[in-house]
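Reader: I would like to go through the labels used for this protein and hear the grounds for each of them.

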Amino acid sequence: ATDCNGLFSIDVWAGEHKIRIINPERIKEISMGLLEGKSIRLRSLFPVEGKLPEGVIDDKEEYDVILTIYTGGGEKELRLVPPVLTLGLGCKKDVPFQVIEEAFHRLLKEAGCYEEAVCRVCSIDMKAGEAGILDFCEAHSLPFQTFSVVQLRKVKGDFTPSPFVEKVTGVDNVCERSAVLGSGGELLVRDQT
């Protein structure tokens, strides 16, 4: 109905921007509000660039829609999750898929982040053929990117050093450095060894 009436369609917009909708059952209520001439109140944990669509207003206190990576909060608002997180992954040789999967879910729980926020996995190039990582990436439809020791050493930041990791790989930390390099952003969660 929003499309037919030339109004902003939040589900179409989310799809165009590859944003995941956590609770799609809330879309109907949001769309009905627009059809009744009400504004959608949006809270975004990310900078909003450009002009908001007609009928959408920025409101940090009371909101109908939240753009977030975090699981905490109410269920009355429509929850939209942009795929913006990079998972840095380091592991011993031949670690099975299930071990990686369990560690991933512990990490998400501890960080309080949606799985849908993860958009890629990064590691050191010596893990490019690691079966457990490849199976994990395939199971989650995540691209896998690797970096050389030289590239990882050049990453600036405060990383959790490991003498063991440095002895095996030639760099003091794989997971944190590859996450920062792969994302071009900041470290959200430290090494979860």
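Author: A salt bridge is a side-chain nitrogen of Lys or Arg within 4 Å of a carboxyl oxygen of Asp or Glu. This is a predicted model, in which local features need pLDDT of at least 70 and side-chain atom pairs count only at pLDDT 80 or more, while totals for chains, interfaces and linings use all residues. Residues are numbered from 1 along each chain as its sequence is written, and side-chain values use heavy atoms, with hydrogens and water left out.

Reader: What makes Asp172 and Arg177 a salt bridge?

Author: The closest N and O atoms of Asp172 and Arg177 are 2.8 Å apart. The limit is 4 Å, so the pair counts.

Reader: Why is Asp172 called buried?

Author: Buried means under 20% relative accessible area, exposed over 50%, and partly exposed in between (1.4 Å probe, protein chains only). Asp172 has 17% relative accessibility, so it is buried. Arg177 is also buried, because its value is 10%.

Reader: How do you know that Arg190 and Asp158 form a salt bridge?

Author: Their closest N and O atoms lie 3.2 Å apart, and the cut-off is 4 Å. The pair links distant parts of the chain, 32 residues apart: Arg190 is in the segment after α7, and Asp158 is in the loop between α5 (149-153) and α6 (163-169). Helices here are DSSP runs (H or I, at least four residues) and strands likewise (E, at least two), numbered from the N terminus.

Reader: Why is Asp158 called exposed, and why is Arg190 called partly exposed?

Author: Asp158 has a relative accessible area of 59%, so it is exposed. Arg190 has 37%, so it is partly exposed.

Reader: What makes Arg79 and Glu77 a salt bridge?

Author: The N to O distance between their side chains is 2.4 Å, and the limit is 4 Å. Both residues are buried. The structure holds 10 salt bridges, and a network of them links Arg41, Glu62 and Asp64.

Reader: Why is Leu188 called partly exposed?

Author: Leu188 has 46% relative accessibility, so it counts as partly exposed. Leu188 lies in the segment after α7 (175-183).

Reader: How many residues of the protein chain are buried, as a percentage?

Author: Buried residues make up 39% of the 193 residues. The protein chain has seven helices and eight strands, and its C-alpha atoms fill a box of roughly 65 × 30 × 25 Å, taken along the principal axes.
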